[in-house]
Amino acid sequence: MEKRGRGAKAPAVQAPQQPSVMPRKERRPSMFEKEAYAQILRDRLRESIHDVQYVEPPFDDSIADLGKEWKSALAKLKFANSYRMEPLKKFQAHSVETKVQQILTETLQDFKYDDKVFSHLSLELADRILSSVKEFGYHRYKFIIKVLFIQKTGQAINIASRWIWDVAWDSWVSAKHEAETYVALVLVFALYCE
Amino acid sequence: MEEYHLPCDEVGFNADEAHNIVKECIDGVLGGEDYNQNNINQWTASIVEQSLAHLVKLGKAYKYIVTCAVVQRSPYGFHTASSCFWDTTSDGTCTVRWENRTMNCIVNVFAIAIVL
C-alpha cells in the first residue's frame, strides 16, 4: 500500500513541472493592439493582390461630362406626366430564355476553345444577345447581359449573384452551353426603369 | 411648376466608393484563406451579400446587381464580357479582380439609377 501511494504521488509531482520545461509557444498578437492589427492584416493579405478591371463611368470623367450637359439641357423641357406605374408588357423570362439559348447554340456549334477568338467572340455574342433582347420590345426596360466562357481544365469555379431590385417587374434569365473543352454561360438581367 | 432637380444622380455612379467596398468585403472573407471545396459556397454567398449590404448603406437611389465568380487557380482560360443597355449618365459598373496563391475572384457591380 505504501508503495502504491508513493507511486501515485510521483507523477502528481512531475506533472506541474512539465509545462515550464516545454518551450513556450509564441502567442499571436491580440487584434486589439493597434499595430498588431495592421500586422495581422498584412500577414493575411500578403499573398493576395487585387486591381480594378473596368469601371464605367471612367474615372477621368471627360466622356461622362458630355452626357450630363445634354441631360441637364433636357431637364429644362417639361414632359407631361404619363401616370404609368407599371410596364406595358412585363418581362417574360421564358420566351427570352428560349431565344437566348437558341442564339448561344447556333453561334457556338462547332467552336473549339481558342484564346484570341474567344476574347472578341464574347463581346460579339454579348452585343448580339443585347440586340435580340431589345427586339422583344419591352419598353422602359434596361438590360444587362453577361457572357462567361470557362475553359474546362479540371478546376472548380463558383459563380454567385445577388441583387436589389423591384421584384414585381425585374427579372433575370440564364442560359448555358457546354462543349468538350469549355462551358459558356449567359446571364440576362432586365430592370424596369421607372 | 418648379424645376425638378436630382442632385445625387447628377454626380452619377461613384465607382471609387463601390470598388473600395467590394475590395474590403473580399479581403475580409477570402483574405489568407486557401481554396476549399467545402467553404466555397459560403464564401461566394457572403462576399456578395456583404457587398450588397454595404452598397445599400450608401443610401443612394440605385438598384444593384452584384456578381461574383471564384475560380481555383490553375492553368485555365476565362473570358467574360458584358453588354448593357442603360442610361450612361446615371448608371455605372465596376469590376474588381482579386487573386491570391490558390484562387482568383472577380466581382462585378452594376448600379442602375431609380428615377424618383
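**Exercise 1.** Which residues are buried in α5(A)?

*Solution.* This is a predicted model, in which local features need pLDDT of at least 70, side-chain atom pairs count only at pLDDT 80 or more, and totals for chains, interfaces and linings use all residues. Residues are numbered from 1 along each chain as its sequence is written, chains are lettered from A and ligands numbered from 1 in the order in which they are written, and side-chain values use heavy atoms, with hydrogens and water left out.

Step 1. Helices (H or I, at least four residues) and strands (E, at least two) are DSSP runs, numbered from the N terminus. Buried means under 20% relative accessible area, exposed over 50%, and partly exposed in between (1.4 Å probe, protein chains only).

Step 2. The buried residues in α5(A) are A:F118, A:L121, A:S122, A:L125, A:A126, A:I129, A:L130, A:S132 and A:V133.

Step 3. These buried residues pack against α4, β2 (141-151) and β5 of chain A, together with β2 of chain B; contact means heavy atoms within 4.5 Å.

**Exercise 2.** Describe how α4(A) and α5(A) cross.

*Solution.* Step 1. Axes are lines fitted to C-alpha atoms, for helices over the stretch in contact, and angles run from 0 to 180 degrees between N-to-C directions.

Step 1. The axes of α4 (residues 93-107) and α5 (residues 115-135) of chain A come within 11 Å and cross at roughly 150 degrees.

Step 2. Residues of α4(A) that take part include A:V96, A:V100 and A:I103, and those of α5(A) include A:L121, A:L125 and A:I129.

**Exercise 3.** State the strand order of the open sheet and identify the edge strands.

*Solution.* Step 1. Two strands pair if DSSP finds at least two bridges between them.

Step 1. The four strands run in the order β4(A)-β5(A)-β2(A)-β2(B), with antiparallel pairing.

Step 2. At the edges stand β4 (171-178) of chain A and β2 (78-85) of chain B; each has a single partner strand, so one side of each is left without a neighbour in the sheet.

Step 3. β4(A) and β5(A) (residues 182-192) pair over eight bridges; A:S171 has A:A190 as its bridge partner.

**Exercise 4.** Is B:H79 buried or exposed?

*Solution.* Step 1. B:H79 lies in strand β2 of chain B.

Step 1. Its relative accessible area is 11%, so B:H79 is buried.

Step 2. Among the residues that B:H79 touches are A:Y113, A:F118 and A:S122.

Notes:
Lists of a residue's contacts leave out its neighbours within four places in sequence.
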